[in-house]
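Thanks, everyone, for making the time this morning.

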Amino acid sequence: SYTYINNSKTLVDFSNRLMEDVSASEITTISSNFADVMRSTELGSYLAHDTSKVDMKNNVLLQFMMGHVRQFDLVDSVYIGTESGYFMLLAQIRPGSTYRASSTKPLPKKAFFSLRVVDRTTPKTTEIWYYLDESGNKLDEEVIPQSQITLNAKNRPWYQKAREARANIWTDIFISDPSKASIISCGVPLFSDTGEFTGVISSSI
């Protein structure tokens, strides 16, 4: 089985965040942090299991996502992909971040979170980035040109592995979209009340 400790060792070796000689206690701490991230992501799955209500207007879900990212220093982002083709990702904005389509234009000073929404539920795919303050209030939004929309959540490793396993999973290291950073993710599958697979909620580290 792919244990939390194995994932932790991979992360430590890959990122060089810790000294080369990692102690057993440090590995145990990282393993515990991985387990906490998975448990919190699983909690989010109860809020997202009705994927017809997964959108930025779902304030309860949005508040959970913001709290989840705040709670764990390890977590880069939390996101949900659905079988219908909807994708929503929330991340804390890093210093010096710019608009996606205008890389020289800085984001509003009070921007704290970015919310990326890719909607493939209609014939015309859309991608919009919302820039939120620390309380989740929208400061600005950015519509991405259709020619630049490439993400399809159902093709991503975290989605495919959770869909195939029908169980909680950790991915191997893969390349993030759009940051191109090397990350790993946990994934929790979503099911309807009748047991039908409907999507995945995931956290990246």
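D50 and K53 form a salt bridge in this predicted model, with 3.9 Å between the closest N and O atoms.

A search of the whole structure finds six salt bridges, and I will take up two others here. One of them joins the side chains of D76 and R94, at 2.6 Å from N to O. This pair links distant parts of the chain, since D76 sits in the loop between helix 3 and strand 1 while R94 sits in the loop between strand 2 and strand 3, 18 residues away. D76 is partly exposed, with a relative accessible area of 25%, and R94 counts as exposed at 53%. The other is the salt bridge between the side chains of R39 and D36, at 2.4 Å from N to O; these two are three residues apart in helix 2, and therefore about one helical turn separates them. D36, for its part, is partly exposed, with a relative accessible area of 27%.

Let me now move to the strands. Strand 1, residues 77-82, pairs with strand 2 in the antiparallel sense over five bridges, and the two form a hairpin with three residues between them, where G85 in the turn has a positive phi of about 110°. Within that pairing, I80 has M88 in strand 2 as its bridge partner. Strand 2 also pairs with strand 3, residues 113-119, again in the antiparallel sense, over seven bridges, and there Q92 stands opposite F113.

How many of the seven residues of strand 2 are buried? The count is six, so strand 2, residues 86-92, is mostly covered under the cut-off of 20% relative accessible area.

Leaving aside neighbours within four places in sequence, M65 is in contact with V78, Y79, I80, M88, L89 and L90.

Notes:
Residues are numbered from 1 along each chain as its sequence is written. This is a predicted model: local features need pLDDT of at least 70, side-chain atom pairs count only at pLDDT 80 or more; totals for chains, interfaces and linings use all residues. Side-chain values use heavy atoms; hydrogens and water are left out. Buried means under 20% relative accessible area, exposed over 50%, partly exposed in between (1.4 Å probe, protein chains only). Helices (H or I, at least four residues) and strands (E, at least two) are DSSP runs, numbered from the N terminus. Two strands pair if DSSP finds at least two bridges between them. Contact means heavy atoms within 4.5 Å. A salt bridge is a side-chain nitrogen of Lys or Arg within 4 Å of a carboxyl oxygen of Asp or Glu.
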